[in-house]
Amino acid sequence: DTFWQGAETLFEKFIPQNRALLEKREQLQRAIDDYHKAGNPVNGNEYTDFLKSIGYLVEQPSQVSAQTQNVDAEIATMAGPQLVVPINNARYALNAVNARWGSLYDALYGTDVISNEGGAEAGKSYNPVRGAKVVAKAKDYLDSMIPLAKGSHADVTEYKIESGKLAITLVDGDET
């Protein structure tokens, strides 16, 4: 009985707040979906301004203090995929990018962002026509967010690190 009384107290306290937070999340997602469906730009500044205007991004507080204790080593000392990361922490940002790239392909494949036209219908098994459209859309996204000095991500045959710098080989053999 004590457990259930405690659970009831917690539910009564937090369910209204949780519902409000879920509704806010739904509002933000609808606004972001509408923005993308309208074909708006996803370049850095305009997209950032949009996200700030809907309250998705907020200004960084001038001073933050946090202390933790009794944190498991798996969390405290090992890098892993992060859902939200500070962009000024390179290790976390890199882990987030690595964890999300497959997710971007998955997300594009399973949504109406990729049209079903031309034999690209989503089904119960993998559709290579749809897969090709997903890869093309992702490369277009890279071109809009991280343009190359020369060429397009669609023309890249290899990404590699040489002497601590990113070297990108294009289909014509040139590097950028």
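Here are some questions and answers about this predicted model.

User: How much of the accessible surface belongs to carbon and sulfur atoms?

Analyst: The chain's accessible surface comes to about 13,800 Å². Of that, the part belonging to carbon and sulfur atoms is 55%.

User: Of the contacts between residues at least 6 apart in sequence, what percentage joins residues at least 24 apart?

Analyst: Start from the contacts in the chain whose partners sit at least 6 apart in sequence.

User: Now helix 1 and helix 2: are they roughly parallel or antiparallel?

Analyst: Helix 1 covers residues 2–37 and helix 2 covers residues 44–53, and their axes come within 11 Å. The axes cross at roughly 150 degrees. Angles over 145 count as roughly antiparallel, so helix 1 relative to helix 2 is roughly antiparallel.

User: Which residues make that contact, and how do they divide into nonpolar, polar and charged?

Analyst: Helix 1 brings Ala 31, Ile 32, Tyr 35 and His 36, while helix 2 brings Glu 46, Tyr 47, Phe 50 and Leu 51. As for handedness, helix 1 passes helix 2 in a right-handed crossing. Sorted by type, the residues of the contact of helix 1 with helix 2 come out as six nonpolar, one polar and one charged.

User: Which way does the phi of Asn 70 go, positive or negative?

Analyst: Most residues other than glycine have a negative phi. Asn 70 lies in the loop between helix 2 and helix 3 (73–76), and it is exposed because its relative accessible area is 75%. Although Asn 70 is not a glycine, its phi is about 60 degrees, which is positive.

User: What about Ser 163, is it buried or exposed?

Analyst: Ser 163 sits in the loop between strand 1 (156–162) and strand 2. Its phi is positive too, at about 55 degrees, although Ser 163 is not a glycine. With a relative accessible area of 79%, against a cut-off of over 50%, Ser 163 is exposed.

User: Moving to Thr 169, which residues is it in contact with, leaving aside neighbours within four places in sequence?

Analyst: Thr 169 belongs to strand 2 (residues 165–170). Its relative accessibility is 13%, so it counts as buried. With those neighbours set aside, its contacts are Asp 155, Val 156, Thr 157, Glu 158, Lys 160, Asp 174 and Glu 175.

User: How far apart in space are Gly 131 and Asp 106?

Analyst: Gly 131 is in helix 5 (residues 128–145). In sequence, Gly 131 and Asp 106 are 25 residues apart. In space, C-alpha to C-alpha, the separation is 9.6 Å.

User: Last one: which residues does Gly 131 touch, not counting those up to four places away in sequence?

Analyst: Gly 131 has 8% relative accessibility, so it counts as buried. Not counting residues up to four places away in sequence, Gly 131 touches Tyr 109 and Tyr 126.

Methods. Residues are numbered from 1 along each chain as its sequence is written. This is a predicted model: local features need pLDDT of at least 70, side-chain atom pairs count only at pLDDT 80 or more; totals for chains, interfaces and linings use all residues. Side-chain values use heavy atoms; hydrogens and water are left out. Helices (H or I, at least four residues) and strands (E, at least two) are DSSP runs, numbered from the N terminus. Buried means under 20% relative accessible area, exposed over 50%, partly exposed in between (1.4 Å probe, protein chains only). Contact means heavy atoms within 4.5 Å. Accessible areas come from the Shrake-Rupley method with a 1.4 Å probe; for residues, only the protein chains shown count as cover. Axes are lines fitted to C-alpha atoms, for helices over the stretch in contact, and angles run from 0 to 180 degrees between N-to-C directions. Angles under 35 degrees count as roughly parallel, over 145 as roughly antiparallel, 65 to 115 as roughly perpendicular and the rest as oblique. A crossing is left-handed if the near helix is turned anticlockwise from the far one by less than a right angle, and right-handed if clockwise. Ala, Val, Leu, Ile, Met, Phe, Trp, Tyr, Cys and Pro count as nonpolar, Asp, Glu, Lys and Arg as charged, and the others, Gly among them, as polar.
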